[in-house]
Amino acid sequence: MIHIRLATESDQLYVMEIYNEAVRNTTATFDTVERVLDEQLAWFRKHKKNHPIFVAEEKGVVIGWASLSAWSDRCAYDGTVEVSVYIHNEHRGKGVGKKLLEMITLEGKNVNNHSVISRITADNEISIHLHEVVGYRHIGVMKEVGFKFGKYIDVCMMQYMY
């Protein structure tokens, strides 16, 4: 059974390992260098009240995570956040991502956000569909804004409004 809860500092090694696998093997992130634990802890500590982080556990092991992060450091954007969802590669396609995306999106309203932005590589049809199911709407495509694995990549922009 999957249990979803707020992340703690002690979860960050698992969160980092899941993220680093995505850095190495996917275009879900445009990072090309893996994080080290000090960077991961700094990322965790800078999340404010309206920027929660959830983890999904199965049998006491973190198998995925979702976060809301600042969209911009400019004050007028304080109510706009960016969503991230990452699932351990052995647990993808089992509904964990949908549960995390639903929970983090609902929590965004509870902590007084107004708008959630998601950037998804245009070829990630599964993630795009998942966001549509949860209620995100397409707001545009940024053409060839990322370069990873030897190719330029388009990014779909999706938004959820409260």
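Author: Happy to! Let's start with Y160, which is buried because its relative accessible area is 19%, and buried means under 20%. Please keep in mind throughout that this is a predicted model.

Y160 has an aromatic partner. Y136 and Y160 form a tilted pair, with 5.3 Å from centre to centre and 55 degrees between the planes. A search of the whole structure finds 7 aromatic pairs. This one links distant parts of the chain: Y136 sits in the loop between α4 (125-134) and β6, while Y160 belongs to strand β7, and the two are 24 residues apart. Y136 also counts as buried, because its relative accessibility is 0%.

Strand β7 covers residues 151-161 and pairs with strand β6, residues 137-148, in the antiparallel sense over 8 bridges. R137 in this pairing stands opposite Q159 of β7. The two strands form a hairpin with 2 residues between them. In that turn, F149 has a positive phi of about 55 degrees.

M158 is another residue of strand β7. With 0% relative accessibility, M158 counts as buried. Leaving aside neighbours within four places in sequence, M158 is in contact with V116, I117, S118, I120, I128, H131, E132, Y136, R137, H138 and I139. That list brings back two residues from above: Y136, the ring partner of Y160, and R137, which stands opposite Q159. For a distance across the model, M158 and G64 are 21 Å apart in space, C-alpha to C-alpha, and 94 residues apart in sequence.

Two packed helices are described by the angle between their axes and the distance between the axes. The axes of helix α1 (residues 12-25) and helix α2 (residues 37-45) come within 10 Å and cross at roughly 110 degrees. That makes α1 roughly perpendicular to α2, because angles of 65 to 115 degrees count as such. Where they meet, α1 contributes Q12, L13, V15 and M16, and α2 contributes L37, Q40, L41, W43 and F44. By class, this contact has 7 nonpolar, 2 polar and no charged residues.

W43 leads back to aromatic rings: Y19, W43, W65 and Y86 form one aromatic cluster.

Note on methods. Residues are numbered from 1 along each chain as its sequence is written. This is a predicted model: local features need pLDDT of at least 70, side-chain atom pairs count only at pLDDT 80 or more; totals for chains, interfaces and linings use all residues. Side-chain values use heavy atoms; hydrogens and water are left out. Two strands pair if DSSP finds at least two bridges between them. Helices (H or I, at least four residues) and strands (E, at least two) are DSSP runs, numbered from the N terminus. Axes are lines fitted to C-alpha atoms, for helices over the stretch in contact, and angles run from 0 to 180 degrees between N-to-C directions. Angles under 35 degrees count as roughly parallel, over 145 as roughly antiparallel, 65 to 115 as roughly perpendicular and the rest as oblique. Contact means heavy atoms within 4.5 Å. Ala, Val, Leu, Ile, Met, Phe, Trp, Tyr, Cys and Pro count as nonpolar, Asp, Glu, Lys and Arg as charged, and the others, Gly among them, as polar. Rings of Phe, Tyr and Trp (its six-membered ring) pair if their centres lie within 6.5 Å; planes under 30 degrees apart count as stacked, over 60 as edge-to-face and the rest as tilted. Buried means under 20% relative accessible area, exposed over 50%, partly exposed in between (1.4 Å probe, protein chains only).
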